[in-house]
Structures are given as structure tokens and as C-alpha cells.
Amino acid sequence: MTFRTICLTSVLALTASAAAAEMNFNRIAAFATPDNMGEGEDKARVTSAEIIYATGDGNTLVYTDSPLGVIGRIDITDPANPKPLGNTPVDGEPTSVYVHGNTVFAGVNTSESFTEPSGKLVMIDATTGEITGECDLGGQPDSTAMAKDGSFVTVAIENERDEDAGDGRVPQMPAGYVAILDVVDGVAQCDSLVKADVTGLAEIAPEDPEPEFVDVNGAGEIVVTLQENNHIVVLNKAGEVLSHFSAGSVDLTEIDATDERGALIFTESQEGRLREPDGVQWIDDDHFAIANEGDMDGGARGFTVFAKDGTEVFEAGNSFEHAVIRTGHYPDKRSDAKGVEPEGMEFATFGGTPYLFLLAERASVVGVYDMTDPANPVLKQILPSGIAPEGAVAIPSRNLFVTANEADLVEDGGVRAHVMIYEYAEGDAKYPTLTSEGADELIGWGAISGMVAGDDGMVYAVNDSFYGYQPTIFTIDPSSTPAKIVAATPVTRAGMPAQKLDLEGITTDGEGGFWVASEGRSDRVIPHAIYHVNAKGEIKDEIGLPAALLAGETRFGFEGVTMIDGTLWMAVQREWGDDPKDHVKLVSYNPETEEWGAVLYPKAAPDTGWVGLSEITAHGDYVYVVERDNQIGAAAVTKKVYRIPVSEMVPAAIGGELPVVSKEEVRDLIPDLKSWGGYVVDKVEGLAIAEDGTVYVSTDNDGVDDSSGETFFWSFQLGN
């Protein structure tokens, strides 16, 4: 009888109650893969970091870069300051890498077509980067792994299907297999190649297995996932089948299975969802875990632990995805496919505790599980990664963990591919900084924009148009670490979620309700406007902009709202048609007199891209604004808080000459943004100031769309 334990409420240790001696993983550095290009190379080319491993001494990282066709190397002798060691061309597409001692074993795809697959195993000296040997594998390689003693190497020969042929379904010949080669003195013996036959085993397309991922346990046994076939096979070193079984299916509940509606609604189900595993890792010599990414028909959104005889020991169900949802990393645009899409895995023991690291490709996070009891994994942390973590390596001897993140958005002006480095050490977990963990209901959130501090000690925030069908006011309790979203209030019109809003600012009205500012966009029929909302989220009044103001309209409208002595003030993000260069309007509106006015704010002149305002809030004798550029990573220059004397906020009539206010820098936010060990994100969007002078700042994660999904919520004191 199969023993099955379904964990629906894994403990997520994301509170600040940890003792000082608690050990946690925290990111300490990020390495951009273009930095490995040589002098004179075109660094604007797409590059990547996909599968990654480390040398035996743990001082050098080695990763595959498929777009460039190279193996990249990074010196992490000082892990907080990684240094480039350059790239080695491999005359093909590198798909996998493993390092034993100082020898790199890389699987390289050289296929001319899907029907004529070919590939090789390339050996490289990790110190010099020189190729030391090659073996023909006879097919298109995917994952690579080695015996713990280095006596053999094994490669999953996928011979992947053409998704544009035959409705994208298997079978598509030729069939894949598992390659096994002896290794002597660090050199693979090409003439020892065994092609382990795994045909005729799966229920789905048994004639066309597509091996995806391999791993080897301490007993020298090989586990391989056949992803499209939804099957798992255990082999010995001779290539003989020891056991095989279906990966099975999962009945998923409380999930979002509809994309492109701009709302996080976790009320749907998928029965009999095939697991279709990608990554696999042995936990011990008798148990392994699979990452249920899905591909052709499935995707169970979590992970499963099996005994090697096929006994199911643990199923995560929706628990991993729910933990990701609470950290604001749910990728709504992938809801109809595979949700958070767990793909890669790593396993290692740190400080006597066995950990499984589960990579969610689309959510761009890593779940860290304590696997002391394989039947009852405990989720300890959610780590932020770069965009699309594909591979990971643990280096317990140095208390390090590393992820390789494949997405490079250079062609869209976005962030580059990165390798992220984490240290296992005493101290609190630095991430997440904001979570809905502990709320009375499952609260999905993201794209946090404007904020305001309430008189009740709470911070109130709105989401922007990414969730256009779910405009929401979030109540944040900032008294704990991480800060906690304790309630989500829908913004409604006539009892339904209000449409045609792009909420970018919020302020209290002094009567228990709010004023919210919506950034308009006429080409999408979204009006520039401000709205009066009661405590229940119901819109009670809608204020459109006057014709004199709209005469110079662009899409970059209100990015914050605050109130000074009964008058609302809104920050316009960028210049409108009637503004002087590098000046933007701060627009006033008096709800009692219905009078409009404005002043001009002098913003920085950008060297690259643009600079604009993204928030405004009044406190004491000053008005505070966030001024930021649209640059990300190493290109970021301007992410600052400035203040303006309230005495200068004297509006003039719109359409005439406007006074220009003065500004004084309060804080450069780039050092704050660097403190999380990753790259500098571009969108600092929220600023709230409490009565005692505590300043709260937050970033917008763009709904985890072409974004790492990281939201940073932090505070500092005025004057510090």
C-alpha cells in the first residue's frame, strides 16, 4: 500500500521571532553574466546563466551560457565580491555542467535538427578554461551528473520534441536514452559509453522516452525523469533498470488557473494534474524528490518525494505555491499554464540539517526545505533570485548556495542574467520584506505602488494597473519583520471591482476613508483622475482633470497623492506637453472649492532613459517626493527622496506661468537597494511617513512579469 502524506500547511518560518543563533540563507552578491565577456566584445548580446556547478574547493563557479555557446567561470574566492574568469566556447549549445575536482564535464548540443540530434560531452580545465577532451554522445544531451566518487558520469539524452510538429506531442523519433561513461583520473572514457535503454516503460509514448534530468545517489544508482512521458526510472551503473513507475498526478485546489485577467483569485481546481517532473534530487540513498514543472499536459506546481521503489512519501499539493503567493511572487500571467513552475532542484546538508532547494522558474524564488523527515518537509525560507532561476549548486564546505538565472532582458532594456550567491550564517532572514503570511485568508498581492501612513499605525498601499481587474487597498502592519499585509480591501464601483483604474497614489481623508490617484492612459481609455473612497473601498466621488491641465496630457500622469490643509496634491511623473524640460508639475485640487492649481518641480536631467517622480507625501513643514530614473542594475543612478518646503507649495493657475519650488536631498536609496545583495531594482514607488518621522519605502515588482518579483519594503528615520 502506498503511504501518502499531503502537506497543505507547511510551516513557513518568515517571522522575526527567531533566536539570535538561528541560521539562515541570505543573498550576499550578484554577478551579471555580461561581465564575463572579454574586452571589445559586444556586451549588448543576449547572454545567460542556466546550469551551474562549483569546483571541488568551492572557489570557482562554472555555468552554461546557451545564447553565447560558452561555459562561463566565476571566481568566488571572496564570495561577496565575485570576479569574472571568462568564457570558453564549446562549438555548440551547452545544456548542462558538472564539476568533479577541477574538471568540468559539459553536455553540449550540436544537433542539426530535431530529427537528427547529436551532442557531445566536453571536458574543460576549470582553472585555465582550456578544453581537455570530448566524447561523442550520439544524441542531444540535457542534464549531467556524476557518481559521488567520480567513477562515472551520466547524461540524459533527451532528443527533445519539436513543439511545432505533430501538435507538439510525443512520440517524435528518435528516442532518447541515458548515457553512462566511465571516468578515470578525471577523464571520461569515450569507448566505455553505455546507452541505457529506457523505452517501453512509460504509459505515455513508451517508444519515445525523453529523459530530462538525472542524479546519482551514494550507492551509484541513477534516477532519471522522463518529463513528457510522466515517468521515473532508476538505473544502475551498467544501465540496467532497477525500478520504474509513473510520476502520477495531483488534485490541485485553491489555485488560479486563468491568465490575462489581471486578478489573483485562488478559487479554481485542476483534478488529475500530471506531475511531468523536471528536476530530481536524491535526498538519501532510498528517497528522491522531483520538481513538478509540467511540460506537455501537466504541471502540479509543487514537488513530490518518492522512495526508489515508487512509493509516494510526500506530496506538496498547493502548499509551495501558496507560500510563494504570500511573498508577492505569484506570476499571474502564467496561471493557465504551470503557475509558479518549479523546475530545478538542489540538495545538500548544512550544519547537520539536510536541505532541499526548490527553484520556481516563473516566480523567481527558491524554497528552502528542511528534509530531516522526508515524509514531512518543512519550508524554512523563500529566497529571492534573479529572473528565472534555472540551476543551483550548494557548497556546504563554504556555507554557500548559488543560483543561475537564465533570463536576460537586454533586448527590452531590462535587467541582465545574473548568478546569485547566498551565505548560510547566523542571523535573521532578510527576505521577504513584506508578506501576507498569517492573514485570515490567502492574500495574493504584487505591483505595490502608492502608500500612506495611517493614524492607526498601519501603512495603506494600492496596487497598480497590472491587476486591472482587482484594484485593492492593502493594510500593512509594519511593526513586525517582515511587514505583514493583514487585509486587502477591493476598490469597488457599484459593488463590483472598479475598472479603468491605474492606482498610483493613496492618502487618508481624515474621516476613515481615502483619496486615491489613478494614472490615466487615453489610448487605453483609462482617465487621469482622483477618487474618493470610503473605508469599505467603495468609490464615492470621481474627479476628472480640467481641460486646461489635459491640454498637455501624456500617459505619464499622477504618481502619488497627499493632503495639505484640506488640499490634495498630486505628483505628475514626467513632463507633459506644456512643461519646461526636466520639470514636472505638482498639481493641487481643493475638494471644497473645486479649484485646481500647480507648481513646477525641477527634476534631475538623465544621462540615459528618463527621470520622474513616483510618490509624494506631506509631513510636518515639508513635502517629500521620490525621484527615480527608469534604469536597473548597474545602470541605476537616481533613486532618491527629496523634500520641498510646504511654504513654497503655493499653486498658480494652470495654463499660466507656474512657480518653481526648491528641493533638498533627504536620502539616496541606492545603498538601501543594494543591501539585499541583488541588483538595484528600478521602481521605487511607495513612500509613507508616520507621525514619529519613520519613513517607509517600497518597490513595485511589476506583478512578476519580466521582473524578479522582489518587493523591498523598508524604513528609516528622518534625519538619519
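A: Across the whole structure, a search finds 32 salt bridges, a salt bridge being a side-chain nitrogen of Lys or Arg within 4 Å of a carboxyl oxygen of Asp or Glu. This is a predicted model, where local features need pLDDT of at least 70, side-chain atom pairs count only at pLDDT 80 or more, and totals for chains, interfaces and linings use all residues. Residues are numbered from 1 along each chain as its sequence is written, and side-chain values use heavy atoms, with hydrogens and water left out.

Let's begin with Arg27 and Glu710, whose closest N and O atoms are 2.8 Å apart. Arg27 lies in strand S1 and Glu710 in the loop between strand S52 (694-699) and strand S53 (713-717), so this pair ties together parts 683 residues apart in sequence. Strands (E, at least two residues) and helices (H or I, at least four) are DSSP runs, numbered from the N terminus. Arg27 is buried at 6% relative accessibility, and Glu710 is buried at 4%. Here buried means under 20% relative accessible area, exposed over 50%, and partly exposed in between (1.4 Å probe, protein chains only).

Next come Glu542 and Arg493, also joined by a salt bridge with the closest N and O atoms 2.8 Å apart. Glu542 sits in strand S42 (residues 539-544) and Arg493 in strand S37 (residues 492-493), so they tie together parts 49 residues apart in sequence. Glu542 is partly exposed at 41%, and Arg493 is partly exposed at 27%.
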